Amino acid sequence: MAPGGPLWIEPPSPAPRAAVPIAPPRDARPSQVLEARLLDAHNAERRRVGAAPLLWSEDLEAEARNWARELITTGRFAHDPRPHGHGENLWTGWGGYVFTPEEMVGEWIEERASYRPGVFPNVSRTGDWTAVGHYTQLIWSGTTHVGCALETREGQQLLACRYSPPGNIDGRRP
């Protein structure tokens, strides 16, 4: 797809995801103000629901950066189909407005309005878990680490975050 053309959005797969065992990520400190603000935005909502705070992972950040670069370069917008064993949230914004980290993560948090506590995938007032999937990944109690990367190009911002261990596991509670 040519840069500047319409964004190609792939629908989420309705198939359940299998958890892939992976080595635990190493703890790190966010190296930039952007990263610290992304982590703080995640942890503010986790604190609100009583979930333990996430730790930053440079390994997850590197994975997220690679995928964000691929998406922004190709003009696609889809979850990584490769079996990487991590959870993933994606966000994009357009139009030359520079979104803050809190606004980006805040759009995932807005899904809370459709969330209902329950056993995954029965966690949405709409009956469609994808309406709250970003939110449930963000608050998933078993998730301990996050790493995010922001890429920009021609008026578009694209944020990718990776989570370990992943959330949104069938039969478990967020």
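These are my notebook entries on what I looked up in this predicted model.

**Ground rules.** I number residues from 1 along each chain as its sequence is written, and my side-chain values use heavy atoms, with hydrogens and water left out. Since this is a predicted model, I take local features only at pLDDT of at least 70 and side-chain atom pairs only at pLDDT 80 or more, while totals for chains, interfaces and linings use all residues.

**Overall layout.** I started with the elements, taking helices (H or I, at least four residues) and strands (E, at least two) as DSSP runs numbered from the N terminus. The protein has 4 helices and 6 strands, and their order from the N terminus is β-α-β-α-β-β-α-α-β-β.

Next I checked burial, where buried means under 20% relative accessible area, exposed over 50%, and partly exposed in between (1.4 Å probe, protein chains only). On that count 46% of the 174 residues are buried. The protein exposes about 9000 Å², with 56% of it from carbon and sulfur atoms; areas come from the Shrake-Rupley method with a 1.4 Å probe, and for residues only the protein chains shown count as cover.

For contacts I used heavy atoms within 4.5 Å. Of the contacts between residues at least 6 apart in sequence, 69% join residues at least 24 apart.

**Helix α3.** Which residues of α3 are buried? I noted Pro101, Met104, Val105, Gly106, Trp108 and Ile109. Then I looked at what covers them: the list includes α1 (33-49), β4 (87-93), α4, β5 (145-153) and β6 (156-164).

**Aromatic rings.** My rule: rings of Phe, Tyr and Trp (its six-membered ring) pair if their centres lie within 6.5 Å; planes under 30 degrees apart are stacked, over 60 edge-to-face, and the rest tilted. Searching the whole structure gave me 5 aromatic pairs. I picked out tyrosine 115 and tyrosine 135, whose ring centres are 5.5 Å apart with planes at 65°, so I logged the pair as edge-to-face. Tyrosine 115 sits in the loop between α3 (101-109) and α4 (133-139) and tyrosine 135 in helix α4, so this pair ties together parts 20 residues apart in sequence. Tyrosine 115 is buried at 13% relative accessible area, and tyrosine 135 is buried too, at 1%. Elsewhere I found one aromatic cluster made of Trp91, Tyr97 and Phe99.

**Disulfide.** How many disulfides are there? I counted 1, taking a disulfide as a pair of cysteine sulfur atoms within 2.5 Å. The bond links cysteine 148 and cysteine 161, S to S 2.1 Å. Cysteine 148 is in strand β5 and cysteine 161 in strand β6, so the pair ties together parts 13 residues apart in sequence. The torsion about the S-S bond of cysteine 148 and cysteine 161 is about 110°, so I put the disulfide down as right-handed. As for burial, cysteine 148 has a relative accessible area of 1% and cysteine 161 one of 0%, so both count as buried.

A reminder to myself: most residues other than glycine have a negative phi, and most peptide bonds are trans. I noted a cis bond from phenylalanine 120 to proline 121, omega near 15°; proline 121 lies in the loop between α3 and α4. Another cis bond joins serine 164 and proline 165, with omega about -20°, and proline 165 is in the segment after β6.

For positive phi in a residue other than glycine, I have glutamate 154, near 45°. Glutamate 154 lies in the loop between β5 and β6 and is exposed, with a relative accessible area of 56%.

**Asparagine 168.** Asparagine 168 also has a positive phi, near 55°. I placed asparagine 168 in the segment after β6. Buried or exposed? Asparagine 168 is buried, at 11% relative accessible area.

What does its side chain reach? I used polar contacts, pairs of N or O atoms within 3.5 Å; within protein, one must be able to donate a hydrogen and the other to accept it, and residues adjacent in sequence count only if both atoms are side-chain atoms. A polar atom of the asparagine 168 side chain lies 3.0 Å from the backbone oxygen of glycine 133.
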